[in-house]
Amino acid sequence: MTAIHLMPRAGLACLALALFFTNAYAAATDYRFELVEPEIAEGPEAIVAVRLIDERTKEPPVSGAIIFATRLDMAPEGMEAMTTAVEAMPSTEPGVYRFRTDLGMEGGWRFKLAAKLQREAETVQGELLLKAIP
C-alpha cells in the first residue's frame with residue numbers, strides 16, 4: 001500500500017525536474033543577430049560587424065558563439081548567385097563578431113550566419129540585410 005502512495009509523488013517529482021531542466025536553457029529562437037552598421041562602404045576590405053542578442057535580456061551581446069557558416073550574396077538585388085568570400089576576424093568587443101569581405105558592387109546584400117552556443121542544443125541562425133554604399 002505504501003508503494004501505491006509513493007507513485008503519484010514520484011511522478012510529480014519527475015515532472016517538476018523535467019520542467020526545471022526544460023526551462024533552464026534557451027531556445028535558438030531566443031537569439032538574434034543584428035548589424036552594427038547597416039550601411040558599409042563597398043570595396044575589397046569591407047568589414048561587416050554583427051552582434052548576437054539574447055532576446056530575453058536584450059543586453060549585453062552574447063559572447064563565445066562559434067560561427068561556423070556564413071554566406072554573403074546579393075539576393076536583395078535579385079542576384080542570389082552573386083556571392084563573395086567572408087573571412088572571420090578577431091573581435092574588438094565582447095559579443096561583436098567581425099568579418100572581412102569584398103563588397104565589389106554597391107546595393108543590397110544578404111548576410112546569412114549559423115552559430116553554436118555553449119549549452120544550446122539548437123543552431124542559432126540569422127539573415128541580415130545590409131547595403132553597400134560608394
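This is a predicted model: local features need pLDDT of at least 70, side-chain atom pairs count only at pLDDT 80 or more; totals for chains, interfaces and linings use all residues.
Start in the middle: the largest nonpolar core holds 25 residues, and the members touching the most others are Phe33, Val50, Leu52, Leu103, Phe111 and Leu130. As a general point, nonpolar side chains in soluble globular proteins tend to be buried together.

Now step back to the whole chain. Its secondary structure amounts to one helix and nine strands, and reading from the N terminus the order is α-β-β-β-β-β-β-β-β-β. Of the 134 residues, 32% count as buried. Take the contacts between residues at least 6 apart in sequence, and 62% of them link residues at least 24 apart.

Beyond its neighbours within four places in sequence, Phe33 contacts Val50, Arg51, Leu52, Ile67, Leu113, Ala115, Val124, Gln125, Gly126 and Leu128.

Next, follow β9. In a regular strand, side chains alternate between the two faces of the sheet. On β9, the covered face carries Val124, Gly126, Leu128, Leu130 and Ala132, while Gln125, Glu127, Leu129, Lys131 and Ile133 sit on the uncovered one. As for pairing, β9 runs antiparallel to β8, with nine bridges joining the two; Phe111 has Leu128 of β9 as its bridge partner. Strand β2 (residues 39–41) runs parallel to β9 and is joined to it by three bridges, with Ala41 partnering Ile133.

How values were computed
Residues are numbered from 1 along each chain as its sequence is written. Side-chain values use heavy atoms; hydrogens and water are left out. A nonpolar core is a set of buried Ala, Val, Leu, Ile, Met, Phe, Trp, Tyr and Cys residues joined through side-chain atoms within 4.5 Å. Buried means under 20% relative accessible area, exposed over 50%, partly exposed in between (1.4 Å probe, protein chains only). Contact means heavy atoms within 4.5 Å. Helices (H or I, at least four residues) and strands (E, at least two) are DSSP runs, numbered from the N terminus. Two strands pair if DSSP finds at least two bridges between them.
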